[in-house]
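Here is a short report on one protein chain. It moves from single residues to the fold around them.

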Amino acid sequence: MKKKIFLAGIILSAVLLILVESNPNKRVRMKEVRQFTETMCRSDEHIKDLKFYFRRPTLRAEMVYEGPLEKEKLISITEDFKALVDVEFMQKIGDTYWGGARPSGFELYIYCDKDKEGNNYDYLIYSQYNKTYKVDENPDNIDGYKTWTISGAENEGVLYKD
């Protein structure tokens, strides 16, 4: 009987290990991210949840926001993230979660008044290292996360581009 319980425990552990390792999203738990998340949640009572994930080749954040979001508030949130996400910060993410390769982009998915359900987001704020989808170090193609775009959910298109 003890052998069966031991064997079942080993099989269960192996299955759990496979499930955990097969999840492509890695939760980002760096000090800068924790401090930023705490500051954002304290500064705006409407932010109910904010988490960061790394999934090659992108850093992704997900925010649950309670209440309506006006364009000015979306721009304000974008400015807050612009202060965090720069070439140096993204290189730290790459060093920690991707063996030194810098993430090519940042995406913030905002869910208003609802739980996160797949890609059923209300707003997407994003920025890229390169100006085009061609990933290279050509100086003419480097934006360095300086251009930010806010788009609405399905078919709403670009709401703001800085």
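## A serine in strand β5

S127 lies in strand β5, which spans residues 123-128. The model is predicted. S127 is buried, because its relative accessible area is 1%, under the 20% cut-off. Its side chain reaches the backbone oxygen of Y145 at 3.5 Å.

Which residues does S127 touch, not counting those up to four places away in sequence? They are G105, F106, Y145, K146, T147 and W148.

## The overall fold

The chain has four helices and seven strands. Along the sequence they follow the pattern α-β-α-β-β-α-α-β-β-β-β. Buried residues make up 37% of the 162 residues. Of the contacts with a separation of 6 or more, 53% join residues 24 or more positions apart.

## The sheet

The seven strands form an open sheet. Their order is β1-β2-β3-β4-β5-β6-β7, and the pairing is mixed. β1 and β7 (158-161) stand at the edges. Each has a single partner strand, so one side of each is left without a neighbour in the sheet.

β2 and β3 run antiparallel and are joined by eight bridges. Across this pair, K51 stands opposite E62 in β3.

## R27 at the sheet edge

R27 is found in strand β1, residues 26-27. β1 is one of the edge strands. Is R27 buried, partly exposed or exposed? It is partly exposed, with a relative accessible area of 31%. That value lies between the 20% and 50% cut-offs.

Leaving aside neighbours within four places in sequence, R27 is in contact with K51, F52, Y53 and Y97. R27 and K51 are 24 residues apart in sequence, yet their C-alpha atoms are 7.7 Å apart in space. F52 is a member of the largest nonpolar core, and Y97 is a buried residue of α4.

## The nonpolar core

The largest nonpolar core holds 33 residues. Which of them touch the most other members? They are L50, F52, M63, F81, F106, L108 and I110.

I110 is found in strand β4. At 0% relative accessibility, I110 counts as buried. Beyond its neighbours within four places in sequence, I110 is in contact with M63, Y65, L69, L74, Y121, D122, Y123 and I125. M63 is itself one of the core residues that touch the most other members. I110 and Y123 are 13 residues apart along the chain, and 5.1 Å separates their C-alpha atoms.

## Helix α2

α2 has 13 residues. From its first C-alpha to its last it reaches 18 Å, close to the 18 Å expected at 1.5 Å a residue. V33, F36, T37 and M40 are buried in this helix. Seen down the axis of α2, the buried residues fall within an arc of 100 degrees, so they line one face of the helix.

What covers the buried residues of α2? The cover includes β2, β3, α3 and α4. On the other side of the helix, K31, R42 and S43 are exposed.

## Helix α4

The buried residues of α4 are F89, M90, I93, G94 and Y97. Seen down the axis of α4, they fall within an arc of 145 degrees, so they too line one face of the helix. The elements covering them include β1, α2, β2, β3, α3 and β4.

Just after α4, G99 takes a positive phi of about 60 degrees.

## A buried asparagine in a loop

N141 is found in the loop between β5 and β6. Is N141 buried or exposed? N141 counts as buried, because its relative accessibility is 7%.

Leaving aside neighbours within four places in sequence, N141 is in contact with Y129, N130, K131, T132, K134 and D136.

Methods
Residues are numbered from 1 along each chain as its sequence is written. This is a predicted model: local features need pLDDT of at least 70, side-chain atom pairs count only at pLDDT 80 or more; totals for chains, interfaces and linings use all residues. Side-chain values use heavy atoms; hydrogens and water are left out. Helices (H or I, at least four residues) and strands (E, at least two) are DSSP runs, numbered from the N terminus. Buried means under 20% relative accessible area, exposed over 50%, partly exposed in between (1.4 Å probe, protein chains only). Contact means heavy atoms within 4.5 Å. A polar contact is a pair of N or O atoms within 3.5 Å; within protein, one must be able to donate a hydrogen and the other to accept it, and residues adjacent in sequence count only if both atoms are side-chain atoms. A nonpolar core is a set of buried Ala, Val, Leu, Ile, Met, Phe, Trp, Tyr and Cys residues joined through side-chain atoms within 4.5 Å. The expected span of a helix is 1.5 Å times one less than its number of residues. The arc is that of the directions from the helix axis to the C-beta atoms. Two strands pair if DSSP finds at least two bridges between them.
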